[in-house]
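Visitor: I am new to this protein and would like a guided look at it. Could we start with the structure itself?

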Amino acid sequence: TMDDETHPRTLYVGNLSRDVTEILILQLFTQIGPCKSCKMITEHTSNDPYCFVEFFEHRDAAAALAAMNGRKILGKEVKVNWATTPSSQKKDTSNHFHVFVGDLNPEITTEDVRVAFAPFGKISNAHRIGQELEG
C-alpha cells in the first residue's frame, strides 16, 4: 500500500553477532513496541547475519530505529535501517529539498533543527556542520 511507502514498519538490523537469535531480537525490540515478526537471514556464510523486524505501528518502528541503531547486541554494534522494498528504490525524490541553515547558535542541536522544520514535511536527514567551517 502507499501507506507502507510513507510510513514503513519494517526495519533491517545488520552486523549481528552469530549468536543472536530471533528471540533475542524480539525481546529487545518489543521493549520499544509490539513486533509483528522477525525474520533472520543467515544463509550468507561469509557475511554477518541480519534480520528484518516488522512492527505493527510506524511510530514504534521509528522509535526502535532511533533507539537501537549503533547499540551493542552481544558485543557487536548493530546497524538498524529502514528495510528497503524494491518499490521504494524508485522513489521520486523530486520533492526533496536541501535546506542549508547557517549561523546557528552553538547550543542548537540537530534535533532542534528537525523540530523547527518538522511542520514542513518529512526530514530525511539533518546534519549539523560544526565550528570547523567558521573562519
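This is a predicted model: local features need pLDDT of at least 70, side-chain atom pairs count only at pLDDT 80 or more; totals for chains, interfaces and linings use all residues.

Visitor: How many helices and strands does the protein have?

Guide: The protein has five helices and six strands. Helices (H or I, at least four residues) and strands (E, at least two) are DSSP runs, numbered from the N terminus. Along the sequence, their pattern reads α-β-α-β-β-α-β-β-β-α-α.

Visitor: Which strands form the open sheet, and in what order?

Guide: Four strands form it, in the order S2-S3-S1-S6, with antiparallel pairing. Two strands count as paired if DSSP finds at least two bridges between them. Strand S2 (35–41) and strand S6 (79–82) are the edge strands, each pairing on one side only. From one strand to the next, the twist averages 20 degrees.

Visitor: And how do S1 and S3 pair?

Guide: Strand S1 (residues 10–14) and strand S3 (residues 50–55) are antiparallel and share four bridges. Thr10 stands opposite Glu54 in S3.

Visitor: Which strands does helix H2 touch?

Guide: Helix H2 (residues 22–29) packs on the sheet and touches S1, S2, S3 and S6, its direction making about 145 degrees with that of S2. Helix H3 (residues 58–68) also packs on the sheet, touching S1, S3 and S6, and its direction makes about 150 degrees with that of S6. Axes are lines fitted to C-alpha atoms, for helices over the stretch in contact, and angles run from 0 to 180 degrees between N-to-C directions.

Visitor: Changing topic, how many residues are in the largest nonpolar core?

Guide: That core has 19 residues, and Val13, Ile25, Phe29 and Val53 have the most contacts inside it. A nonpolar core is a set of buried (under 20% relative accessible area, 1.4 Å probe, protein chains only) Ala, Val, Leu, Ile, Met, Phe, Trp, Tyr and Cys residues joined through side-chain atoms within 4.5 Å.

Visitor: Which element gives the most to this core?

Guide: H3 does, with four residues. S1, H2, S2, S3 and H3 each supply at least two.

Visitor: What is Val53 in contact with?

Guide: Leaving aside neighbours within four places in sequence, the contacts of Val53 (heavy atoms within 4.5 Å) include Thr10, Val13, Ile25, Phe29 and Cys38.

Definitions and conventions. Residues are numbered from 1 along each chain as its sequence is written. Side-chain values use heavy atoms; hydrogens and water are left out. Buried means under 20% relative accessible area, exposed over 50%, partly exposed in between (1.4 Å probe, protein chains only).
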